[in-house]
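This report goes through a structure by topic, from the whole chain to single residues. The sequence and the model come first.

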There are 2 protein chains.
Amino acid sequence: MPELPKNIKTAIIIGAGNVAWHLGNALQRRDIKIIQVIGRSLNSTQSLAVELNTEFTVDLNQIRKDADIYIVSVTDDAITDVIQNLNLPDSLIVHTSGSTPLSVFDGYFKNYGVLYPLQTFTKNRSIDFSLVPFFIEANSDKNLEKIYLLAKGISDRVVTADSATRLKLHIAAVFACNFTNYMYCLAEDILKKNNIDYSLLHPLILETALKALDMKPALAQTGPAVRKNRNVIKKHLEILENEPYLKKIYALLTESIQHKLVNE
Amino acid sequence: MPELPKNIKTAIIIGAGNVAWHLGNALQRRDIKIIQVIGRSLNSTQSLAVELNTEFTVDLNQIRKDADIYIVSVTDDAITDVIQNLNLPDSLIVHTSGSTPLSVFDGYFKNYGVLYPLQTFTKNRSIDFSLVPFFIEANSDKNLEKIYLLAKGISDRVVTADSATRLKLHIAAVFACNFTNYMYCLAEDILKKNNIDYSLLHPLILETALKALDMKPALAQTGPAVRKNRNVIKKHLEILENEPYLKKIYALLTESIQHKLVNE
C-alpha cells in the first residue's frame, strides 16, 4: 500500500448512511482518524460514532473546524443544502456521489473534489475495499493528488473521471446493481406467493453473476425472450395477469431483449 | 452419491442446445451412456455427438428404439412437435422445460415425466451439477422414482413439483437470471458508448449477487429509486432521453421499486 498523504490525518464525515459507515471504517483502518460524525438522524449518527469510537453531533453548526478533510456522504438531494450551510471556505471537502457534479462546491469552497466508490454498501456487511473502484475528481491538481493518495490508501483501483463520466457510471450501476437487485426481489416475491423456498434460486443468481464476469453479457443471455419462445412468453404473461407491475416489466424487458439481442 | 437405478443405463438426447449439452455431459459422467443425439441443426448436433463420443442424426425417424430413457431438451415451442413425431409409446420419456406441462405427453406415451434443472447453461462453461436444483414430475410413482434416482445421481437437490409450480419457478428464474443478465447488458452498453471499461462493474455485480444469497433482497435494495432521490432520477432520465428502451425501463423499474419498497 502506498503512503498516505502526510497532510491528511483526520477526517470528518457528514452523513451516517451506508456509504458513511463503510468509508469511515475503511479510512480508520488506514489510520485516518475520523474526529467527528455529523448526521441528521440521532440514532444512526450516534451508532456510527460508537462504531468509529468518535464524537458526533446532529447540529451542522457544531462542526469542528480542524479536520484535514470533510467528507459529505449524505443522500444526493441533500448535498447542496449541506454545502450551503457549512462555513469552512478554506478546508478540503469532497462528496461521494455518482450523480452530483464537482461544480456543486463552486462559490462555497476553495479546495474540493469527489471521491465516488462504485459499490453497493449495506451496514454490517463487510466489503473488501481494496477491490472497490474509486472515481475521483478535484478543482486543482494539488487537491486531486491529495484525494488520489487518500483513495489509494484504501483501494487498489483509483481512476480519475470527470462529472459527466461519473454520471454515466452511476446510471450503469443503477442497472447493474439496483435494478438487478430488484429483479431478485420480484423473483423472491413470485416464489413466496407460491410457498416455494427462495434459496432454490441461489445457484442460479450466483451463476448468472459469475458468467457476467467471464463473458460479454449479451453472449450469456438465455431464456424465453432471446429464444423467441412465443408460447412460453404468452403463458408467463397470463400467469402475471393480476400483477400489473410484474406483467409490465416482463413485457417491456422481453420486448427490449428481442429488439436488442435477437436482431444483432 | 446414491446408486443409479439399475434400469436406466442408456439415454438418448433429443436436442443439441445448452441444456442438452450440459445434461448429456453430466449423465455420462455418472455412467449413463448417451447412445444417440438427435437435433435439428447438423452443426450443433454433430458437435454434441463428438463431445459425448456417440452417434447422431438429424432425422427423427432414425431414432434408436433401445434407450432406457429419452430426454427431450429442445426449445419450448418445438416440444409438442417432437413428441407427436416420436413413435415410442412404451418408452420412458422426459422433457426438461420449466413452462411445458407434464400433460404434453398425454396420448402419445405411457411412461413420462419432467426433469427440469433450474440453472442457466452456456456451452463450454462448466457447472457444478451437484448444486443445481432439479424439479421432477411423472405420470406414475414408479416413473417418478426412476426419474428421482436419475436426478439424484447428478444433483444433491431434487424436488418434486407439479406443472403449475414449475411454471412459477420458471417465471421467477426469468426475473432472477434472464432479466438480471439483461440489466448487465444494458449497463455494459452505457459504459461502452462512453468508452468506460466494463470490468469496473465486476465488483459491484458480484457483491449485488452475494448479498442476495445472504439476505432478503428487499432489505438489500440501494440506489436512487428506493432513496427517493428525485433530482438524481430526473438527471438520469434526461441522460437517457435518446435511448427509448433504456429510458422506459429506467422509469418503469424506478416507479415499481417506489411503489413496492418505499411504502412497505
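How far apart are the mean positions of the positive and negative charges of chain A? They lie 5 Å from each other, with 29 positive and 28 negative charges taken into account. The model is a predicted one, and the values below are computed from it.

## Chain A as a whole

Chain A contains 10 helices and 8 strands. Along the principal axes, its C-alpha atoms fill a box of roughly 65 × 40 × 35 Å. The chain has 264 residues, and 59% of them count as buried.

The accessible surface of chain A is about 11000 Å², and carbon and sulfur atoms account for 48% of that area. For contacts in chain A between residues at least 6 apart in sequence, 54% link residues at least 24 apart.

Nonpolar side chains in soluble globular proteins tend to be buried together. In this model the largest nonpolar core has 123 residues, and A:Phe175, A:Leu201, B:Phe175 and B:Leu201 have the most contacts inside it. Helix H5 of chain B, residues 163-193, supplies the largest share of this core, with 18 residues.

The surroundings of A:Phe175 include residues of both chains. Beyond its neighbours within four places in sequence, A:Phe175 is in contact with A:Thr180 in chain A. In chain B, A:Phe175 is in contact with B:Met183, B:Leu186, B:Ala187, B:Ile190, B:Leu240, B:Leu246, B:Ile249 and B:Tyr250.

## Strands of chain A

E7(A) pairs with strand E6 (residues 111-117) of chain A in the antiparallel sense, over 5 bridges. Within this pairing, A:Tyr116 stands opposite A:Phe135. E7(A) also runs parallel to strand E8 (residues 158-160) of chain A, to which 3 bridges join it. There, A:Ile136 has A:Thr160 as its bridge partner.

Strand E5 of chain A covers residues 92-95. A:Leu92 and A:Val94 point one way from E5(A), A:Ile93 and A:His95 point the other way, and all are buried. Strand E4 (residues 69-72) of chain A pairs with E5(A) in the parallel sense over 3 bridges. A:His95 is the bridge partner of A:Val72.

## Two asparagines with positive phi

Which backbone angle stands out at A:Asn53? Its phi is positive, about 55°, although the residue is not a glycine. A:Asn53 sits in the loop between helix H2 (42-52) and strand E3 (55-57) of chain A. Its relative accessibility is 65%, so A:Asn53 counts as exposed.

A:Asn195 likewise has a positive phi, near 55°, without being a glycine. This residue belongs to the loop between helix H5 (163-193) and helix H6 (202-214) of chain A. A:Asn195 is exposed because its relative accessible area is 75%.

## Charged residues in their surroundings

B:Asp197 lies in the loop between H5 and helix H6 (202-214) of chain B. With a relative accessible area of 43%, B:Asp197 is partly exposed. Apart from residues up to four places away in sequence, B:Asp197 touches A:Arg157 of chain A and B:Leu191 of chain B.

B:Lys9 precedes strand E1 (10-14) of chain B. Is this residue buried or exposed? B:Lys9 is exposed, since its relative accessible area is 53%. Setting aside residues up to four places away in sequence, B:Lys9 touches B:Asp31, B:Ile32, B:Lys33 and B:Asp68. Of this group, B:Asp68 is 59 residues from B:Lys9 in sequence, while their C-alpha atoms are 6.4 Å apart.

A:Lys247 is part of helix H10 (residues 244-262) of chain A. Its relative accessibility is 27%, and A:Lys247 therefore counts as partly exposed. Leaving out residues up to four places away in sequence, A:Lys247 touches A:Leu237, A:Leu240 and A:Glu241. The C-alpha atoms of A:Lys247 and A:His236 are 8.5 Å apart, with a sequence separation of 11 residues.

Definitions and conventions:
Residues are numbered from 1 along each chain as its sequence is written. Chains are lettered from A and ligands numbered from 1 in the order in which they are written. This is a predicted model: local features need pLDDT of at least 70, side-chain atom pairs count only at pLDDT 80 or more; totals for chains, interfaces and linings use all residues. Side-chain values use heavy atoms; hydrogens and water are left out. Helices (H or I, at least four residues) and strands (E, at least two) are DSSP runs, numbered from the N terminus. Buried means under 20% relative accessible area, exposed over 50%, partly exposed in between (1.4 Å probe, protein chains only). Contact means heavy atoms within 4.5 Å. Accessible areas come from the Shrake-Rupley method with a 1.4 Å probe; for residues, only the protein chains shown count as cover. Lys and Arg count as positive and Asp and Glu as negative; His and the chain ends are not counted. The place of a charge is taken as NZ of Lys, CZ of Arg, CG of Asp or CD of Glu. A nonpolar core is a set of buried Ala, Val, Leu, Ile, Met, Phe, Trp, Tyr and Cys residues joined through side-chain atoms within 4.5 Å. Two strands pair if DSSP finds at least two bridges between them.
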